[in-house]
Structure formats: C-alpha cells, structure tokens
Amino acid sequence: MLPAPPRPPLAVDLDVDVAVIGGGLAGLTAAREVARRGWSVALLEAGRLAGSASGRNTGFVLPGFAADAEKVVARVGFEHAKDLWALSQAGLDYVRDTIAAEGADGIDPEAGWLYVSKVDDSDGLFRSIGLLGDLGCEVEGWPTERVRAFLRSERYFDAIHFLRALTIHPLNYALKLAAAAERDGARIFEATPALSIDPSGVRKRIVTPAARVRAGHVVLAGNVELKGLLPRVAATLVPITTYVIVTAPIDRARLTAAVGYRGAVSDTDLADNHYRIVVGDRLMWSGRATVWPRNPRRYRAALAGDIAKTYPQLGRVAVDYAWNGTLGNTVHRMPQIGELGPGVWLASGFGGHGLDTTAMAGNIVARAIVEGDETWRKFTPFELVWAGGVFGRTAAQLRVWIKRLTDAAAERRAKAREAAQRRTSEPQTPNAAANAAASESIVPSDARGDEAEHVAQRRQDSEPADQDSHQRADD
Ligand SMILES: Cc1cc2nc3c(=O)[nH]c(=O)nc-3n(C[C@H](O)[C@H](O)[C@H](O)COP(=O)(O)OP(=O)(O)OC[C@H]3O[C@@H](n4cnc5c(N)ncnc54)[C@H](O)[C@@H]3O)c2cc1C
C-alpha cells in the first residue's frame, strides 16, 4: 500500500452540491468527476477508503460485465448491448488514462487477460469470440497448443485473449484516485458512516456521528454495506465473499516456466482460479465463494491445492498472505446505475466485474448530475430486483457448488477424450494395448478422466509415480 494521508472524520456540518456515500471505486470516481466539473462534493466513507471490495480484489480490469454477453443481447437487443459494451470499455480506458496521468508507480499495470477453457469445446469458445468481437471487444482466440505453450497446465484447452484488458494494484489505484479528486476540490472523510438519510425535499439531509450534511444530490455507492442505511436497496444484492492468497516467493525460472503469461488468467466462470504473477516471483490466486464470510485462513490450503492441481510442477507452494472480500451480485448480474428518486442516485451491484464498471458508473452518474446527461437510462432495463434474502443467498451458494461439480465432471470428460485421442494416435505395443483395455474395464468413467490427467501429466513432467499419487491425495 502506498502511503496515504490521514483523512479525519467529518466534524462540522456541511452544505454541498453532492454528497457521495461510500469510498470504494464507484464513490471515488463519482466524487472526482463531480469535482472536476466544478461542483462542491463531500465523500463519506464509514471505514478506510477502498477498505472493502475495491482494495481487496485481484485487480483485473476487464471489458464488459458480470452478466454473459449472450444474456444481455437476449434481453436488450444487439445494438443496445453494443452501446453497453462501449460504455464498459470507456470505463476500462478511464482507469488506463487515470494511471497514465497520475503515475503507474505502486499500481504496476500489466496488459492482457486470458480466459481459459478447461473443456475441449472450441466451437463454443469461438462462438463467444465472434459475439465479443461484434460487441467491440478486442479479442483473439488461442488454440490449445498456444495456451499450453504459455500456461504449462494439461488442464487447459483453448482460450480467449482480451488484448486491451489490464491488471492493477487496486488499492493503490483507489488512493491515487482519491488524491486526484481532492486536488480537484472534493472533500473526503474517513471513519464517517452515514447513519440516516432524509431524501425528501430539494436538499437531502444525511446524519453522521458528529455532523450533518445537506446536499442537492446524493450518490449511494455503499455496495453490500449499505444495508445499515437503506436495507431495501441493499436487499437487491447477494453478498458473495471470495478468498485470495499470495504465495511466498517461488523460484523465478520455475514459476515463469509454468506460468509464462504476465497478464491475468481466469479458468472458470465461477469465483475459482483467477490468478497472476505479482512482484515477479509470487502467485496471487483467488477462488472459492461463500455467501456468508468466513475466515480466509480456512481457504489457504484449498487455494494452494488449486495451484498444485493446475501446476503440479511447482510442487508445494507456501502461502504468505490470505484475505477475503465481499462483492455484491445483482440477480441479473448487471450493475445498478440510475436515479432512484429526485436527486438520489445509485451506483452499485458491480459483482466480480467492478473495475471497469465502477469507473463507468462514476462517470455516468457525475455527468447525469452536473450536465443532465441521460446515458444512465441505458441501464433502466436492469431494474432493482429483490435478491431473495436468506433464501436467495442459500440458492446462490447451492448454484456455486452445483456449477463447480458439473464443471469438474465436464473437465474430466474432456481429459478422458483427450487421453483416448492420444492413445489412438500413438503407436501401441501389445502390452500397452492390453493395459489400456484392462484399465478401461475396471475404472469408473469419471475416475478414468482423473487418471488420464495424471498419466498425461506424468508423461509431460517425467515425474516419479509416487510424487504424483501424493499430489492426488492433496486434490
Ligand atoms: C476478492 C475479490 C476479487 C475481485 N476481483 C475483481 C477483479 O479482478 N476485477 C474486477 O473487475 N472486479 C473484481 N472484484 C469486484 C470489485 O472489487 C467490486 O465490484 C468493486 O470494487 C465494487 O466497488 P464499490 O465501490 O461498489 O464497493 P466497495 O468497494 O465495497 O465500496 C463501498 C464502500 O462504501 C462504504 N459504505 C457502505 N455504507 C456506508 C455508509 N452508510 N456510510 C459511509 N460509507 C459506507 C463501505 O465502507 C465501502 O468502503 C472482486 C471482488 C472481490 C471481493
């Protein structure tokens, strides 16, 4: 973390044009963009700036949204979806431009995102590439051989390469954004929770522990923690907690031989297996998802196990840091951006795709307030939908578990197909053929996939069998 100046709590009553509640990336961007346009703005943050999701995430700045492109097109039509994708790309470009203007030290941007498939469904993946390209994303398809030349994992098949994505140190980015906002005139108060809000009347009134704020407009950018202030708005989000580890330094040659790609990598649609190399010789790896937050220490072994399963050649990696963070998912997986009532604005629900979309939302809301711009109406098809309370959370957890199981089964089937293909394309000795036939007759189909994976891995790494079975016990 870069050094950050103390930002004391609000101690005297204030009268401003705009009050922003929440000092994550959405609130900070909105405050900065309002201030840049010459209006007075005060930002109230209950804890520390970017102390929640915005400073705890893995720093992938990607185009698009948490929602699948196909679903968005089905809901709003292709042209409307294309406009939405252009807005998300503008959010991504805003992050890039801000870094260029404020300096990259401490943010360490790296280019690119590889979205890797663990099944042999080239047709499906290349269809997605076609749609993303049509929506304006700069993407290219990587065939399995190219993927495995960069990411030496036998689990991987084809991938989508997002050329204009980048990775950043998100907390340091947020701190630079705050400093830029203050330079432009924004006033930022930490340890200042908004305790209540009276949104009626031309001037909205906000009560904090020591003072009150009166403002013509209020921007609600509190994400899932808004529940104390506006429970009905917060109830439209399912809070999802995910877990991140950073390993101890790994021998650089061994690490880069395994992970030869310097940008971001994701290998599921779930919270699992999003990773990148940080500070040259460590892996940052995130995964797992729970709807009730748990101690991140409980997930250290599981996440280290995910690394070992993907890159057994790295051996056992030690974990130096572990933390969690909570994001807010909407039912439709699209952000909530717009005017709830006269002068009351919402910028929330960014899910696991918040780095481009918080920048986008902050800009859209600031333009709406100061210039009367109506771009926010593009998001009205994605209205506030109750997320189902405890039942919604339980259903979300079940969906994660079921998806993980079905994905694992699909991966095993893909590996079994690949192993079978290799067997038929390799010249076989009579003994090998007999062994293969025997193993086919006694191993259940799912386990056969696992075994094929380990055999393939052994072949590639020339590792002794006992080391491999030790790995299997870890899985
Ligand atoms: C582990 C993890 C990894 C992720 N990885 C990525 C990634 O790689 N790429 C990506 O695009 N997205 C990622 N995300 C999602 C992304 O981090 C979030 O979508 C985004 O940061 C949300 O920003 P926000 O400003 O809406 O909310 P937050 O960052 O949660 O900020 C909300 C702030 O509002 C404050 N607040 C709430 N109520 C009040 C109140 N009453 N008064 C005053 N202040 C209040 C809170 O204290 C908090 O600081 C990840 C999320 C997590 C948790």
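## Helix α5 and the glycine after it

Just after α5, G136 adopts a positive phi of about 105 degrees. This is a predicted model. Helix α5 itself covers residues 122-134. Its 13 residues should span 18 Å at 1.5 Å a residue, and the end C-alpha atoms are 18 Å apart, so the two values agree.

## Helix α1

Helix α1 runs over residues 25-36, twelve in number. From first C-alpha to last, α1 reaches 16 Å. That is close to the 16 Å expected at 1.5 Å a residue.

α1 is mostly covered, with eleven of its twelve residues buried. After α1 comes G38, with a positive phi near 90 degrees.

## Packing of α4 against α7

Helix α4 (residues 78-102) packs with helix α7 (residues 170-183). The angle is about 70 degrees, and the axes lie 11 Å apart. Angles of 65 to 115 degrees count as roughly perpendicular, so α4 is roughly perpendicular to α7.

Which residues make the contact? From α4 come V95, T98, I99 and E102. From α7 come Y173, K176, L177 and A180. By type, the contact residues divide into five nonpolar, one polar and two charged. In an α-helix there are 3.6 residues a turn, so residues three or four places apart point the same way.

Notes. Residues are numbered from 1 along each chain as its sequence is written. This is a predicted model: local features need pLDDT of at least 70, side-chain atom pairs count only at pLDDT 80 or more; totals for chains, interfaces and linings use all residues. Axes are lines fitted to C-alpha atoms, for helices over the stretch in contact, and angles run from 0 to 180 degrees between N-to-C directions. Helices (H or I, at least four residues) and strands (E, at least two) are DSSP runs, numbered from the N terminus. Angles under 35 degrees count as roughly parallel, over 145 as roughly antiparallel, 65 to 115 as roughly perpendicular and the rest as oblique. Two residues are in contact if their C-beta atoms, placed from the backbone, lie within 7 Å. Ala, Val, Leu, Ile, Met, Phe, Trp, Tyr, Cys and Pro count as nonpolar, Asp, Glu, Lys and Arg as charged, and the others, Gly among them, as polar. The expected span of a helix is 1.5 Å times one less than its number of residues. A residue is buried if 20 or more other C-beta atoms lie within 10 Å of its own, exposed if 12 or fewer, and partly exposed in between; C-beta atoms are placed from the backbone.
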